[in-house]
Structures are given as C-alpha cells and as structure tokens.
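Subject: Structure for your review

Dear colleague,

Please find below the structure that I am handing over to you.

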Amino acid sequence: MIPIPELKRIATQIRRDIIRQTSRCASGHPGGSLGCAEFFTALYFRILRKKLPFSMEGKGEDVFFLSNGHISPVFYSALARSGYFPVEELNTFRKINSRLQGHPTTHEGLPGVRMSSGSLGQGVSVALGAALAKRLDKDPGLVFALTGDGELQEGQIWEALMAAAHYKIDNLIVTVDWNGQQIDGPNDKVISLGNLPGKWESFGWEVLLMNGNDMEDVISTFELAISKTGEKKPVVILMKTIMGCGVDFMEGNYKWHGVAPNAEQTEIALAQLEETLGDF
Amino acid sequence: MWDKYQSTKKSATRNGFGEGFLEAGRNNPQVVGLCADLIGSLKMDAFEKEFPERFFQTGVAEANMMGMAAGMATMGKIPYTGTFANFSTGRVYDQIRQSIAYSGKNVKICASHAGVTLGEDGATHQILEDIGMMKMLPGMCVINPADASQTKKAAIAISNYKGPVYLRFGRPDWPVFLENEEFEIGKALVLKEGKDLSIFATGHMLWQALEAVRILEQEGIDCELINIHTIKPLDEQAILKSVRKTNRVVSCEEHQRAGGLGDSIAQVLVRYHPCRQEYVAVNDTFGESGKPLELLEKYGLGVSDVIKSVKKILE
C-alpha cells in the first residue's frame with residue numbers, strides 16, 4: 001500500500017503533467033483537472049482494485065467512468081503514471097494521430113478508458129449500467145464514477161439518480177467534483193445547485209462529504225464510502241475542491257476552466273510544483 | 001411462377017420482434033433487455049417473464065436507458081433497448097452518438113411504432129427521420145424488416161452481430177409473407193426478377209411494392225423487386241447487379257425522402273451507375289392522426305403511389 005506522503009508526491013507530479021500537457025497543445029482544461037489531482041491519485045494508486053493489462057470488460061476488478069470528460073489531462077496522467085500506457089505518450093495530448101483525444105474516448109483504443117465522455121451528463125447512467133451488469137454477474141468489483149458540479153444541470157443525471165435508488169444498486173460510488181465553478185462563472189450565478197446534499201438524499205442516495213484537496217480526507221472518505229457499499233443504496237461523495245488547486249494564480253478562478261497557460265504562466269506554475277517522479 | 005409471397009396472416013412487426021428477442025435471450029445468456037415504460041407495446045413481456053433478472057424497466061427516462069445500456073455493454077452484456085422509434089433516436093441522439101456509437105458499444109436499439117403507420121397518435125410519435133439520423137452515425141447498422149417473420153429473424157441475428165444496431169419496426173397488423181425466406185444482415189433479398197425496372201423497398205413498403213408489382217405484371221410491366229432490409233451496411237452489389245440490367249429505379253420507404261433508403265441508393269447510383277430514380281417516400285412533411293392505411297395513401301405511400309412512380313419512370 002502506497003503511504004499518504006508518497007501519494008501526495010504523485011499528486012504533485014500529476015499536477016505538473018496537467019500543466020505541461022495543456023501548455024504544450026495550448027488548449028485543454030487545467031482548472032478542474034488540478035482540483036481533482038488528489039482524487040485521481042487516491043483512486044488509481046490506492047483505492048481501485050485494478051488489473052493490468054487493461055481489459056474493457058473489467059471482470060473481477062473495480063472500474064471507473066469519467067463523466068466530465070474535459071478534465072482528461074488529470075485522467076490521462078493518472079492512467080499513464082499507474083501503468084496503463086507509457087508516460088511519454090502524454091506528449092501527444094490533443095495532437096493529431098493521438099490516442100489522447102481532447103476528451104477521452106474508447107475509439108482510439110487508449111488503455112484505461114471504457115467510455116467516451118465530453119458531452120455532459122451521461123457518465124452516471126453508464127456507471128449505473130455497469131454496476132447492474134456486475135451485480136447480474138455476481139462480480140465483486142465496484143463501479144466508480146466522477147461528475148462535475150455544473151454537469152448536474154443536465155437532466156439525465158437525475159434520471160440516473162432516480163433509477164439507481166430504484167434498483168437499490170449498492171456497488172456504485174459516484175463522486176461529484178464540487179468546485180462551485182463552471183465555464184460561465186460560479187454555479188450559483190449560472191444555475192444554482194441549491195441544497196446539493198439534500199437533493200441527493202431525497203433521491204435515495206447515501207451522501208458523504210469530502211475535502212477533495214486533502215489526501216488524508218480523500219483516502220478516509222473513499223474507505224468510508226466502500227464500507228457503505230452492499231447496503232441496498234447507492235453512495236455519492238460530494239467532493240469539495242478548489243478549481244486550479246496547486247497553482248496560486250489559477251485557484252478558485254472559473255476563468256481557468258478551459259484555458260491553457262501560456263509560456264510565462266507555465267513557468268510560474270511549474271515553479272510551484274516539484275518534479276517528484278520525472279517529467280514526461 | 002415467382003409469386004410465392006402470399007400473406008398467410010396478419011401480424012405486427014413488433015410481434016416478430018418480441019418473439020425474436022425472447023429467442024435471442026434463450027440462445028445467449030448475455031442478452032439483457034431495457035425498456036422505457038413500453039413493455040407491452042414493444043412485446044418485451046415474454047422475455048421479461050422468462051428472464052426477470054435480465055430485464056430492466058427504466059421508466060420514462062430514455063436518455064438514462066441508453067447510458068445504462070452502454071454501461072452494460074461495456075461489461076460484456078448484449079443490451080436490447082426498447083421504446084418507440086421517436087424516443088429511440090431523436091430524443092436520445094447525443095446519448096447514442098457518444099456513449100454507444102463513438103464508444104463502439106454492442107447495444108441493440110430496438111424501435112417500434114416507426115413511421116405514419118403508428119396511426120392515431122399523430123405526428124408527435126410518427127418519426128420519419130430516424131433512418132437518416134441513425135445511418136449517419138459511423139459504425140451503426142440500420143435494419144428495417146418488412147414483416148413479422150423477418151423482424152423475428154432480425155431480432156435474433158443482431159445478437160450475433162458485434163456492434164451497435166438500430167432495428168426499426170412498427171405498430172400495425174401487417175401481412176406476413178416472408179416466413180420461408182432467410183435473413184442475413186446486409187444481404188438484399190430478391191423477391192422477383194424482372195427487366196423493366198428495379199424496385200427497392202424496405203419495411204412495410206415491401207408489401208405495398210409487392211402488391212403494385214402484381215398489378216403491373218397484369219399490365220405487362222416486368223418489375224424486379226428487391227427487399228433492402230439492411231439500409232446500412234447497404235448491399236451495393238445487389239443494387240448494382242439489378243440496375244445494370246434495368247437502368248431504372250424506384251425506392252420505397254416509410255420515411256422522409258431526405259436521408260432514407262432512397263438517398264442511400266442514389267449515392268450508389270451516382271458513383272457507379274447513374275440512372276433515373278423515383279422516390280416513394282414522405283415528401284418533407286409531418287404526418288397526422290388517422291388509420292395506418294389511410295395515412296399511407298394520404299402521404300404518398302399507397303400501392304397506387306408505387307404504380308404511379310413506376311409508370312412515371314417508364315415514360
């Protein structure tokens with residue numbers, strides 16, 4: 001088991017990868033990616049019971065679906081750093097003939113990706129279907145999914161929430177990246193999410209809160225969530241994060257949702273993030 | 001004597017789907033079903049009864065149903081989704097595009113009540129654009145069987161086909177006349193050879209075309225009649241083999257002219273064998289409430305419309 005100080009070092013390298021990927025192609029979504037560095041590190045280096053080489057059907061293992069596909073830089077970095085594909089391939093992000101498309105896809109056969117995402121609101125439904133299939137197969141693997149908070153404005157999400165509770169699905173852990181920001185500004189200004197914990201509870205979900213930028217809390221909340229599976233109820237983790245976390249001039253600023261840092265900004269950002277595992 | 005296609009009985013194509021779906025489920029334990037509150041209409045009840053643990057009522061939430069099916073397919077299941085054609089396509093186009101087609105998932109989108117023959121419910125439910133929408137998606141197989149027996153065979157065949165499929169069928173009782181014909185995805189079915197022109201028909205319109213061919217034969221017009229049940233992948237060789245002989249085409253479909261079978265055939269003709277073509281199809285309009293046969297007549301899909309198109313092209 002990788003100890004927490006080491007997980008933190010991995011998260012820092014993943015943050016460097018995010019900055020360097022988006023900077024090199026001058027596009028992509030660094031803000032939400034940086035905010036989810038702890039989540040992906042914990043998931044891929046500690047929590048998921050996964051098997052390599054990658055198999056699409058994921059028999060007997062835990063599987064993960066990313067619904068807010070625009071945070072692909074953090075997803076790709078976590079996949080590469082945990083052995084799904086060579087780290088050097090991060091160089092190809094968003095470039096022609098790459099498996100690392102702007103938004104993740106199965107179409108180019110990138111190991112670790114089980115579903116295309118980008119058009120929002122679809123991933124919880126997909127994860128629910130996978131969880132039902134695993135239950136049918138008596139497969140002990142759990143299904144994890146991540147959605148954004150702005151994404152919760154999509155109606156399909158609530159269809160999936162209603163259905164998951166109806167089926168009493170209890171091998172599914174959904175996390176919401178609750179950074180409070182979306183492209184056009186704060187959630188509260190765009191379309192308020194209101195009482196988010198209350199909404200999920202009223203849809204029949206077990207609701208946990210987590211500080212997504214505190215590795216200790218991420219690990220312990222994941223462990224708590226896993227302990228709550230098998231109780232005839234789906235589990236959601238409402239994960240408070242800071243958009244752009246780890247890079248001071250990006251933190252909490254929605255303007256970094258979908259803008260890549262320029263050369264000067266990249267230099268400033270990287271100076272704040274120690275190269276712990278070696279850059280790609 | 002070519003005409004062995006007598007109607008032995010009438011049965012809705014959706015009945016054939018229900019039977020085929022059940023048989024596919026018996027043949028393969030990976031087959032699962034999902035339905036958005038239309039189990040009876042889709043004739044999925046026999047499967048649900050026999051395999052309750054493999055069947056998922058999703059409620060009136062088609063977008064979620066498509067996503068669930070994609071997730072199940074990812075884990076190795078062969079999901080059949082069931083709802084009306086309108087709610088199987090336009091309502092959930094983006095879910096199909098991203099989570100099923102682009103993701104390459106082995107989902108079978110089974111769509112009933114397509115076209116004007118849905119009848120009294122009217123234009124909100126009578127989708128006439130679905131073939132076009134679905135055939136444009138890369139990798140999507142599109143099948144529109146002509147009678148209940150062919151629908152049953154298609155519903156079984158798609159379980160053995162790897163990849164996303166759109167299976168389109170309908171509501172009304174309809175002649176059953178293809179019981180003795182084999183079905184193979186992507187392989188056109190020649191009902192009658194002829195020298196004067198080629199009629200290519202799909203779905204309910206095959207029977208209309210067949211009736212027309214019988215009448216025209218009495219008048220000395222020798223039609224070739226070919227059933228294109230699989231609109232994608234299209235059996236281009238069968239089409240070209242026929243038109244190289246006849247040089248004239250009439251296409252028949254219960255769909256908009258734009259984007260349907262006729263357009264798929266026209267693309268083949270324009271590239272390999274330019275010749276005249278008449279469309280028997282709905283001409284850029286919505287349907288309305290009425291009885292299926294009344295609607296077929298009103299919207300240019302009657303037997304007489306097929307005859308008119310044949311005569312026009314022979315002028």
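The notes below cover the contact between the chains, a sheet and a helix.

This is a predicted model, in which local features need pLDDT of at least 70 and side-chain atom pairs count only at pLDDT 80 or more, while totals for chains, interfaces and linings use all residues. Residues are numbered from 1 along each chain as its sequence is written, and chains are lettered from A.

Chain B has 25 residues in contact (C-beta atoms, placed from the backbone, within 7 Å) with 26 residues of chain A. On this side of chain B, α4 (62–74) and α6 (93–102) each supply at least two residues; α4(B) gives the most, with nine. Helices here are DSSP runs of H or I of at least four residues, and strands are E runs of at least two, numbered from the N terminus.

Chain B also holds an open sheet of seven strands with mixed pairing, in the order β3-β2-β4-β5-β7-β6-β12. Strands pair if DSSP finds at least two bridges between them. β3 (55–57) and β12 (230–232) of chain B stand at the edges with a single partner strand each, so one side of each lacks a neighbour in the sheet. Two bridges join β6 (residues 141–143) of chain B to β12(B), and the two run antiparallel; B:Val142 has B:Lys232 as its bridge partner.

Just after α9(B), B:Gly220 takes a positive phi of about 85°.

Yours sincerely

How values were computed:
Contact = placed C-beta atoms within 7 Å.
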